[in-house]
Amino acid sequence: MPVLSDLKPRSPRVLWLIVPPLALVVLVLALAFWIFWTPNRFEPEEKVLYVPKGVSFAAVVDSLERNGMIRSRTTFELAGRLLGLTSSIQYGKYHIKSGISNLSLLRDLSEGLSNLPVVLRVGEGVRMHHLAGRAARELGIDSTRMVALCHNPGFIQSLGVNTPSLEGYLLPDTYFFTWQTSEEEVVTRLATAFKEFYVDSLRARQEQLGMTLNEVLTLASIVEGETDLDAERATIAGVYFNRLRVRMPLQADPTIQYIIPDGPRRLLYSDLKLDSPYNTYRYSGLPPGPINNPGRNSILAVLYPERHQYYYFVADGTGGHRFSKNYSEHLRAVQQWRRLRRELQQQANSGG
């Protein structure tokens with residue numbers, strides 16, 4: 001058995017054969033760690049990255065660098081090329097957290113891992129062009145193109161709808177979309193939601209009332225424009241049915257708001273003289289089509305209106321309305337409302 005004194009040190013030649021490859025391996029691993037795994041840290045702890053449709057990889061890197069989300073443009077570009085991911089970046093709205101590595105960030109962008117849905121809230125009574133504007137802001141799409149689609153006969157027919165416009169046929173609700181979802185998909189989704197809501201039993205009720213779908217939605221849009229209170233919708237629908245039955249003009253203020261260019265605002269007597277088929281003060285019956293997109297409750301209120309003897313209603317100052325059976329009752333209610341409005345205005349002016 002050899003003793004320590006018998007062990008000879010390795011020759012320099014052997015060391016030169018071992019050390020350089022080991023050093024090279026360490027260097028390669030360190031470089032790989034630097035390129036792929038070193039954290040990208042930034043403040044605040046989470047930032048949003050928008051990747052538009054058809055954008056180039058270089059433009060994405062520009063955005064990342066401009067927003068301080070990567071520590072080195074060179075290493076990120078190199079990582080993308082080494083992994084072959086420069087042409088597989090998905091569009092969307094990404095939520096990127098501080099500390100993410102180039103490898104994880106590239107995987108996120110190529111697989112859409114943090115491409116979270118964007119919420120689009122469509123409120124009851126929203127008009128088509130207002131809805132398009134909101135969709136443009138929230139989803140990064142073209143509002144003009146969205147409105148044009150809602151008037152495009154071929155596109156409307158492809159949805160199985162027989163109407164010159166989709167105003168009234170886009171169901172208010174809360175929707176989730178990927179950022180920059182196409183205008184076609186957004187409109188299709190909202191129109192499909194309405195078709196799914198308007199089931200056969202509602203169509204049967206519509207036919208029982210002797211109404212067309214367009215008439216139901218037109219009256220529902222007026223009801224929607226009149227009140228925010230669910231408890232009043234069927235009552236207001238009943239008022240308008242009573243007026244239609246005796247061929248009395250609807251005289252619905254929301255239809256005037258629809259045709260004035262600077263609305264909504266307080267109406268003037270001159271507004272009531274505007275010549276438009278939507279002016280229900282000048283023309284009897286229902287206007288040609290919906291004036292907004294009514295919600296479910298307003299549609300149901302028209303299909304199942306309250307039966308009563310009311311022909312008039314006016315604001316009561318508490319957010320609701322006071323209903324009257326004849327014109328003299330209505331005049332007294334109007335006077336009360338005007339008196340209350342003056343008092344409220346005086347309190348506002350005095351700072352009370």
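User: I'm looking at Asp275, and I'd like to know which residue it forms a salt bridge with.

Analyst: Asp275 pairs with Arg282, and their closest N and O atoms are 4.0 Å apart. Keep in mind that this is a predicted model.

User: Okay. Are those two buried or exposed, and how do I tell?

Analyst: You look at relative accessible area: under 20% is buried, over 50% is exposed, and anything in between is partly exposed. Asp275 has 58%, so it's exposed. Arg282 comes out at 44%, so it's partly exposed.

User: How many salt bridges are there altogether?

Analyst: The count comes to 12. Asp271 is buried because its relative accessibility is 6%, while Arg265 is partly exposed at 25%.

User: What about Glu224: which partner does it have, and is it buried or exposed?

Analyst: Glu224 forms a salt bridge with Arg233, and the closest N and O atoms are 3.1 Å apart. Glu224 has 6% relative accessibility, so it counts as buried. Arg233 is buried too, with a relative accessible area of 6%.

User: Which residues are linked in a network of salt bridges?

Analyst: Asp62, Glu65, Arg73 and Glu77 are linked that way.

User: Now helices. What describes two packed helices?

Analyst: You use the angle between their axes and the distance between the axes. Take helix 11 (residues 230-245) and helix 13 (residues 296-303): they pack at about 40 degrees, with axes 8 Å apart. That angle makes helix 11 oblique to helix 13. The crossing is right-handed.

User: And at what angle do helix 3 and helix 4 cross?

Analyst: Their axes cross at roughly 60 degrees and come within 10 Å. So helix 3 is oblique to helix 4; angles of 65 to 115 degrees would count as roughly perpendicular. Helix 3 and helix 4 also make a right-handed crossing.

User: Last one: which residues form the nonpolar patch on the surface?

Analyst: Leu78, Leu82 and Leu83 form it, and together they have about 250 Å² of accessible area. You'll find Leu78 in helix 3, which covers residues 73-83.

User: Why can Leu78 be called partly exposed?

Analyst: Because its relative accessible area is 37%. To join a patch, a residue needs over 30%, so Leu78 at 37% clears that cut-off.

Note on methods. Residues are numbered from 1 along each chain as its sequence is written. This is a predicted model: local features need pLDDT of at least 70, side-chain atom pairs count only at pLDDT 80 or more; totals for chains, interfaces and linings use all residues. Side-chain values use heavy atoms; hydrogens and water are left out. Patches are made of residues with over 30% relative accessible area and no salt bridge: like charges are joined within 9 Å, nonpolar side chains (Val, Leu, Ile, Met, Phe, Trp, Tyr) within 5 Å. Accessible areas come from the Shrake-Rupley method with a 1.4 Å probe; for residues, only the protein chains shown count as cover. A salt bridge is a side-chain nitrogen of Lys or Arg within 4 Å of a carboxyl oxygen of Asp or Glu. Helices (H or I, at least four residues) and strands (E, at least two) are DSSP runs, numbered from the N terminus. Buried means under 20% relative accessible area, exposed over 50%, partly exposed in between (1.4 Å probe, protein chains only). Axes are lines fitted to C-alpha atoms, for helices over the stretch in contact, and angles run from 0 to 180 degrees between N-to-C directions. Angles under 35 degrees count as roughly parallel, over 145 as roughly antiparallel, 65 to 115 as roughly perpendicular and the rest as oblique. A crossing is left-handed if the near helix is turned anticlockwise from the far one by less than a right angle, and right-handed if clockwise.
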